Every structure is written in structure tokens, then in C-alpha cells.
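Let's read this model together, one feature at a time. Have a look at the chain, and then we'll go through it by question and answer.

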Amino acid sequence: MTAAAPLQEELRELYRDLILDHARSPRHFGKLDDASNRAEGINPLCGDKLKVYLKIKDDGVISDASFEGSGCAISVASASLLTETVIGLTTDSALSYVDAVLAALAGQQKDPADVQLGKLAALQGVREFPSRVKCATLAWRALNAAIHDDKQPATTE
Ligand code: ZN
């Protein structure tokens, strides 16, 4: 019954490496000049402040996404993973991912059939550090606000 432990350790290391990689070299970082939707996310507890930009086509497909701002490694890695995930999705699917990621970070075993967390499962590692969970959710709250075209910043508080 000990065989599972090393694999879990290995996965944990892989996840940590993935988070660190995205924190050090964020994907799709910078302003999206022709964005159709944008929203800001603020996490006052940590001081993370990010803006998510989306280019949503008439058929509801997100053809491009980016983010900018400043935040801790977890918030930046989460935003970077987010942009990689949502490009090419419809806004409806992107919102399903928002639900799935927020549920996963809240420790709920909710796994909608149409959502494969894939790499995003790496974010679940932050559940070991409850004070960092809000850092990981921030970009997803901003994504939700951007899709709904909210003018108010999304906040974790
Ligand atoms: Zn943070």
C-alpha cells in the first residue's frame, strides 16, 4: 500500500514545477490591444492586482486572452494557466472552467463532465496553504467578470 506515495510525491513535484514555470515565465502576459472584454481582479489580502483581457468573437469563442498586473507567484501562475486554457473556448465553456476551478480550490469534488482540469489540477496544490487559495482564484474571478463585462473590479473579499 506504499506504492501510491512516491507517485503522489512525484505529482506534487511536477505540479510545483509547473506553477513555478508559469510564475517565472507567464504566458500571454501584457495588454491585449484589441480586447473586446476586460476586467480587473484585486486580492487585498496579498496585494495581487491583475487585469484579464479577452477577445470574444461574435460566435462566443474566445479567440485571444492575456493578462497584466502584479501579484505573487501563485496569482501570476494561475492567470498564466488561465490564458492558456481559455483561448479557443466558448464563453460558456470558460465559465464552466471558472466553476470547476473555484470548486476544486474550495476542496469540493465537483467535476463537471465537460471540464477536464488537466494542468489546472496543479492549482489544487495551494489548498495546503489556505491563505494562498484566494491568490489562485483571483484571475478566475476576473475572467468571470470580464465575460459578464462587469465594470467593477472582481475582488476576493
Ligand atoms: Zn497572492
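Q: Which residues is Gly88 in contact with, leaving aside its neighbours within four places in sequence?
A: Contact means heavy atoms within 4.5 Å. By that rule Gly88 is in contact with Val61 and Ile62. Gly88 sits in the loop between H2 and H3; helices (H or I, at least four residues) and strands (E, at least two) are DSSP runs, numbered from the N terminus.

Q: Before we go on, what should I know about the model and its numbering?
A: This is a predicted model, where local features need pLDDT of at least 70 and side-chain atom pairs count only at pLDDT 80 or more, while totals for chains, interfaces and linings use all residues. Residues are numbered from 1 along each chain as its sequence is written, and side-chain values use heavy atoms, with hydrogens and water left out.

Q: Is Gly88 buried or exposed, and what about Ser80?
A: Buried means under 20% relative accessible area, exposed over 50%, and partly exposed in between (1.4 Å probe, protein chains only). Gly88 has 53% relative accessibility, so Gly88 counts as exposed. Ser80, in helix H2, is buried because its relative accessible area is 0%. Not counting residues up to four places away in sequence, Ser80 touches His22, Pro26, Arg27 and Phe67.

Q: How many residues does the largest nonpolar core have?
A: In soluble globular proteins, nonpolar side chains tend to be buried together. A nonpolar core is a set of buried Ala, Val, Leu, Ile, Met, Phe, Trp, Tyr and Cys residues joined through side-chain atoms within 4.5 Å. Here the largest one has 45 residues, and Leu54, Val86, Trp140 and Leu143 are among those with the most contacts inside it. Elements giving two or more residues to this core include strand E2 (48-56), helix H2 (73-86) and helix H4 (133-147). H4 provides the largest share, 11 residues. Leu143 touches Val52, Leu54, Leu82, Val86, Ala94 and Val98, not counting residues up to four places away in sequence.

Q: Which atoms coordinate the zinc ion?
A: Donors are N, O and S atoms within 2.8 Å of the metal (3.2 Å for Na, K and Ca); water is not among the atoms, so sites may look incomplete. For this zinc ion they are Cys46 (SG), Asp48 (OD), Asp48 (OD), Cys72 (SG) and Cys135 (SG), at 2.2 to 2.7 Å. Along the chain, the donors follow the spacing C-x1-D-x23-C-x62-C. Cys46, in the loop between strand E1 (37-43) and E2, and Cys72, in the loop between E3 and H2, are 26 residues apart. Cys72 is buried at 14% relative accessible area, whereas Cys46 is partly exposed at 36%.

Q: How many salt bridges are there?
A: A salt bridge is a side-chain nitrogen of Lys or Arg within 4 Å of a carboxyl oxygen of Asp or Glu. The count comes to seven. One of them joins Arg12 and Glu128 (3.8 Å, N to O), linking helix H1 to the loop between H3 and H4 across 116 residues. Another pairs Glu157 with Lys134, their closest N and O atoms being 2.9 Å apart. Salt bridges that share partners also join Asp21, Arg27, Glu84 and Lys119 into one network.
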